[in-house]
Amino acid sequence: MRPSLGQRLARVATNAVVAKPQLWRLFRGPIRRQFEQLAANWDSIRSPGHLAAYERALARLPEPPKRALDLGTGTGDGAFTIATHFPEADVVGVDLAPGMLAEARRKTPAAMADRVRFEEGDAAHLPYPDRSFDLVAHANMIPFFAELARIVAPGGSVLFAFSVGAQTPIYVPPARLREELGKRGFGDFVEVEAGPATALIARKP
Ligand SMILES: C[S@@+](CC[C@H](N)C(=O)[O-])C[C@H]1O[C@@H](n2cnc3c(N)ncnc32)[C@H](O)[C@@H]1O
């Protein structure tokens with residue numbers, strides 16, 4: 001099937017911003033509007049098993065995180081998945097689109113409400129102090145490597161998952177992730193697959 005206009009925008013924005021993060025200022029408005037419009041139907045249009053590789057990657061983390069961030073959380077399923085895998089973790093889900101966050105808050109199970117919260121924010125400039133998180137996870141989300149290097153605590157991990165591998169509109173090949181993360185001192189790379197889904201984790205020394 002031919003990619004939609006929105007999927008093409010997501011692909012162009014991802015490639016541009018990974019190559020030149022300063023270009024984000026051109027894409028921020030259109031990407032925010034696009035996901036705001038998709039928010040109400042997001043859960044019904046995603047591919048089935050979209051977090052399969054994300055979950056498999058969580059199982060490979062070197063240590064259970066205590067403070068976790070799901071960036072570009074959308075309607076929150078990544079944040080809920082982390083909270084389910086790691087019952088001791090406090091989890092924040094951040095997104096640009098208020099409509100996505102409204103859905104995520106509405107879906108939050110009562111049993112998780114004391115340790116899962118959702119906040120509006122931009123992954124390019126996050127309002128968190130340096131070394132705030134033991135895990136920063138991304139499912140189908142454009143990475144901002146400089147902010148990641150700043151907010152991940154020593155010994156912490158980053159996770160990047162793509163629901164349908166290289167066919168995902170927002171996709172960064174593992175070699176590119178390794179290159180950008182390696183420049184910033186991350187290592188111990190692990191790649192996983194689950195059907196068409198792919199993921200990579202890396203650790204900050
Ligand atoms: C493709 S959706 C993925 C949502 C969810 N992670 C999932 O896999 O179902 C990308 C999400 O990232 C959000 N997003 C895009 N750029 C962002 C940024 N710079 N900061 C925060 N959220 C962003 C969008 O609003 C959207 O909800």
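The side chains of Arg203 and Glu63 form a salt bridge, with N and O 3.8 Å apart. This pair joins parts of the chain that are distant from one another: Arg203 belongs to strand β7, residues 197-203, and Glu63 belongs to the loop between α4 (52-58) and β1 (67-71). The two residues are 140 residues apart. Arg203 counts as partly exposed because its relative accessibility is 24%. The model described here is a predicted one.

## Salt bridges around Arg150

In the whole structure, a search finds 18 salt bridges. Side chains of opposite charge can pair when their charged atoms come close. Arg150 takes part in a salt bridge with Asp130, at 2.8 Å from N to O. This pair also links distant parts of the chain, 20 residues apart. Asp130 sits in the loop between β3 (116-120) and β4 (133-139), while Arg150 sits in helix α7, residues 145-151.

Arg150 also forms a salt bridge with Glu147, where the closest N and O atoms are 2.7 Å apart. How accessible are Asp130, Arg150 and Glu147? Asp130 is partly exposed, with a relative accessible area of 43%. Arg150 is partly exposed too, with a relative accessible area of 23%. Glu147 has a relative accessible area of 11%, so Glu147 is buried.

Elsewhere, salt bridges link several residues into a network: Arg176, Glu179, Glu180, Lys183 and Arg184.

## The ligand site

The ligand is surrounded by 20 residues. The closest are Gly72, Asp95, Asp122, Ala123 and Ala139.

For Ala139, the distance from a backbone N or O atom to a nitrogen atom of the ligand is 2.9 Å. For Leu96, the corresponding distance is 3.2 Å. The ligand taken alone exposes 600 Å², and the protein buries 97% of that area.

## Nonpolar cores

The largest nonpolar core holds 42 residues. Its members that touch the most other members are Trp24, Leu69, Val136, Val158, Phe160 and Leu181. Helix α1, residues 5-19, contributes the most to this core, giving 5 residues.

What does Leu181 touch, apart from its neighbours within four places in sequence? Leu181 is in contact with Phe145, Val158, Phe160, Phe186, Phe189, Leu200 and Ala202.

Helix α6 covers residues 98-107. Gly99, Met100, Leu101, Glu103 and Ala104 are buried in this helix. The buried residues of α6 pack against the helices α2 (24-38), α3 (42-45) and α5 (77-85). They also pack against the strands β2 (90-95) and β3.

Is Glu103 buried or exposed? Glu103 has a relative accessible area of 18%, and the cut-off for a buried residue is under 20%, so Glu103 is buried. Leaving aside neighbours within four places in sequence, Glu103 is in contact with Ala39 and Thr75.

Thr108 is in the loop between α6 and β3. Thr108 and Phe80 are 28 residues apart in sequence, and their C-alpha atoms are 7.6 Å apart in space. Beyond its neighbours within four places in sequence, Thr108 is in contact with Phe80, Ala113 and Phe118.

## Two residues with positive phi

Arg131 is not a glycine, yet it has a positive phi of about 60°. Arg131 is found in the loop between β3 and β4. With a relative accessibility of 48%, Arg131 counts as partly exposed.

Asp188 likewise is not a glycine and has a positive phi, of about 50°. Asp188 lies in strand β6, residues 187-194. Why does Asp188 count as exposed? Its relative accessible area is 56%, and exposed means over 50%, so Asp188 is exposed.

Terms used:
Residues numbered from 1 in each chain as written. Predicted model: local features only at pLDDT ≥ 70, side-chain atom pairs only at ≥ 80, totals over all residues. Heavy atoms only, no water. Salt bridge = Lys/Arg side-chain N within 4 Å of Asp/Glu carboxyl O. Helix = DSSP H or I, 4+ residues; strand = E, 2+ residues; numbered from the N terminus. Buried < 20%, exposed > 50% of the residue type's maximum accessible area, 1.4 Å probe, protein only. Contact = heavy atoms within 4.5 Å. Near = heavy atom within 4 Å. Polar contact = N/O pair within 3.5 Å; in protein donor to acceptor, adjacent residues only side chain to side chain. Areas by Shrake-Rupley, 256 points an atom, 1.4 Å probe, with all protein chains shown as cover. Core = buried A, V, L, I, M, F, W, Y, C linked by side-chain atoms within 4.5 Å.
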